[in-house]
Each structure stands twice: as structure tokens, then as C-alpha cells.
Amino acid sequence: ARERLVRLRHTPSVTRDAQQVALLANIEQPQDTQAAVRAGAVGVGLFRTEFLFMGRGGRLPDEEEQFQAYLQAVQGMQGLPVTIRSIDVGADKPLDKGWREHSLNPALGLRAIRWSLSEPAMFRAQLRAVLRVAGHGKVKLLFPMLGHEAQIRQTLAQLNQARAELDARGIAYGMPELGAMIEVPAAALMVREFLPYFDFLSIGTNDLIQYCLAIDRADEAVAHLYDPLHPAVLRLVASVIAEGQRQGKEVTVCGEMAGDVGMTRLLLGLGLRSFSMHPSQILAVKQEILRADIRVLAPWAAQVAASSDPAALMALGEP
Ligand code: PEP
Ligand code: MG
């Protein structure tokens, strides 16, 4: 079966009704781009840059070291776009030993963009590295865990200041497309207001489920309650995809849901045309896409997302 999948590597991911679907890779290190290219990814949809910062005993990578790492990823993708997410430390991804001791509820604490905005010098070093590499290829910049419009304005102000710092040093850079992770229910509910600030969105379903259902995604004791098919989760996901369509902006799903072949048809039916996942899932999801007919899936998916028991409807069989 694996061999049959490998033959799909160069097959365009197009549905039976001729809808193009982008299959992108999630990576943690620049060298992961090899697996992404091998799987036929059409770009990197999520570069989790925090892995460059973790386990280094407090000595964090400076602008130059980050620039080299991002450049390696861009070159590794051979001209395909690379979406670099600003550092998402905290909670399940502690910067170093002892991190968790700072907070009783680390998932609700100083993580992701909150941490970046609390360490502006560190944040701007990362932004300068990304801006510089944007002069060398197709680079997109993604911000994790935004929840307040004020955070968006603060983030964009930091980006402007990073540009001014490069200008002052006479260093060349490019302007990446800007995107927001939608992974806090507040952001999903405010997406109409958030979207005009950005070129694209990426739905982080791992955290969106965690925060929507109040289930710590790292706590085994409540793992049985972690439910991607909870109707509240599906309604949030469906509404974000729909708002992206209304405003003509690209929406990607980059959480585990995107690589789950059991979810592919539902997400296609809800209007999703961009999926980012671990490279090992790409060919299996592509196989689902090649079999799908969105004209049939769309009315069914709308029904599932409106249902109070989506899992039961899906178990009845998919069109
Ligand atoms: C997510 O939350 O779905 C996501 C993609 O980000 P991470 O898993 O890195 O938190
Ligand atoms: Mg997340």
C-alpha cells in the first residue's frame, strides 16, 4: 500500500471535480525540508521555529544563527513557499528545564506571541532574521496564539521597528506575507475583525480544541475528552474557513486534523483548500483528495457541522 502511495508523489492534488488543494508540510528543523520535498509538499505551511530555541541551556540563537536556519529551510524547499511561525514556546514546549514552574496553568500562561511581546528584543531579532530571509525566497510569517486585536497592533509595531532597525543598518530584506494562527476561541470568534490585518490564516486545531473544550492537550487524564468532532469545535473551524472565503484570504489548517485522513473529506466539504501536516501524512491525504468530489461533499459537510452529533452523522457513512 505504501508503494502505491509513493507513486502519487508527483500527482497534482486535485479533486474529481477539478478543485486544486495545496498539501503543505509541517517542519521543526531546516533539514526536515528533505522529507517535505520527498513527500511532494508544495511548500512548508508551518515551520515550528521554537525547536531551534529549545534545549540549549538558555543560550538562544541570535539573529544571524536564525537567519542561517531559515535560509537553509528556504533553500531546501527549492523555490516553494516557506511559512515561518514566530516562536511558540511555553506550555507543552518549555524553553528549558524549570519553565513550567513559572505558572500553575502553563497552557494559559506566558506562551507563544505573549512571550514574544514580553521579550521584545528577542522577538525583533527573530523578525529581522525572517525579514532578511524573505529577500531570498517566498517567505510567509505566521504569528501564534493571537487573541486580542491590541496584540495584533503590538506585533505589527514590533515588525515595523524590526524593519527600521534593518534600514538603519543598511541591510536588505523582503516583506513576507503575514498570517495569524487561529487557535484561541476568541480569535475564531473575532476572525472577521482580525482578518483585515493579515494576508492569510492558519487554523491550529490542536490548541483550538484544547482551549475550546478546556482540555489540557498534554494531560493523559482528560485525553478521552479531547474531541476534534465536538460540534463546538467544528462550528468554529467551519466559520473561520467561511470568513476566509468571504474576505478572499487563504485559510490553511495546520493542526493534527489536517493530516487525519478521516477528516479530509469533511474539511474539503467545508471549503478548505490548504492542508499542512507532518510530511509522512501527505500522500495518504492526497489519496483522499483524488477520490473526493466537493460538489457532493459540500452539502453533507454543512449538515455535519450544523449537527449536534457530528460523529454519529459521519459514522452513518460519507458520500
Ligand atoms: C496547533 O495548535 O494546532 C498547532 C499547529 O500548533 P502547535 O501544535 O505547534 O501548538
Ligand atoms: Mg498551537
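Is K138 buried, exposed or partly exposed? The notes below take up that residue after some remarks on the whole chain.

1. Basis. This is a predicted model, in which local features need pLDDT of at least 70 and side-chain atom pairs count only at pLDDT 80 or more, while totals for chains, interfaces and linings use all residues. Residues are numbered from 1 along each chain as its sequence is written, and chains are lettered from A and ligands numbered from 1 in the order in which they are written.

2. Overall fold. The protein chain holds 14 helices and eight strands; helices (H or I, at least four residues) and strands (E, at least two) are DSSP runs, numbered from the N terminus. With a radius of gyration of 19 Å, close to the 20 Å that the globule rule gives for 319 residues, the protein chain is as compact as a globular protein of that length. The radius is taken over C-alpha atoms, and the rule is 2.2 Å times the number of residues to the power 0.38. The C-alpha trace spans about 60 × 45 × 35 Å along its principal axes.

3. Burial. Of the 319 residues, 44% count as buried. A residue is buried if 20 or more other C-beta atoms lie within 10 Å of its own, exposed if 12 or fewer, and partly exposed in between, with C-beta atoms placed from the backbone.

4. K138. This residue is partly exposed, because 17 other C-beta atoms lie within 10 Å. K138 sits in the loop between α5 (120-133) and β4 (139-143). Leaving aside residues up to four places away in sequence, K138 touches P81 and V82; contact requires C-beta atoms, placed from the backbone, within 7 Å. V74 is 64 residues from K138 in sequence, yet their C-alpha atoms are 7.6 Å apart.

5. Helix α10. Residues 231-246 form this helix of 16 residues. Its buried residues include V233, L234, L236 and V237. Just after α10, G248 takes a positive phi of about 65°.

Conventions. Contact = placed C-beta atoms within 7 Å. Expected span 1.5 Å × (residues − 1).
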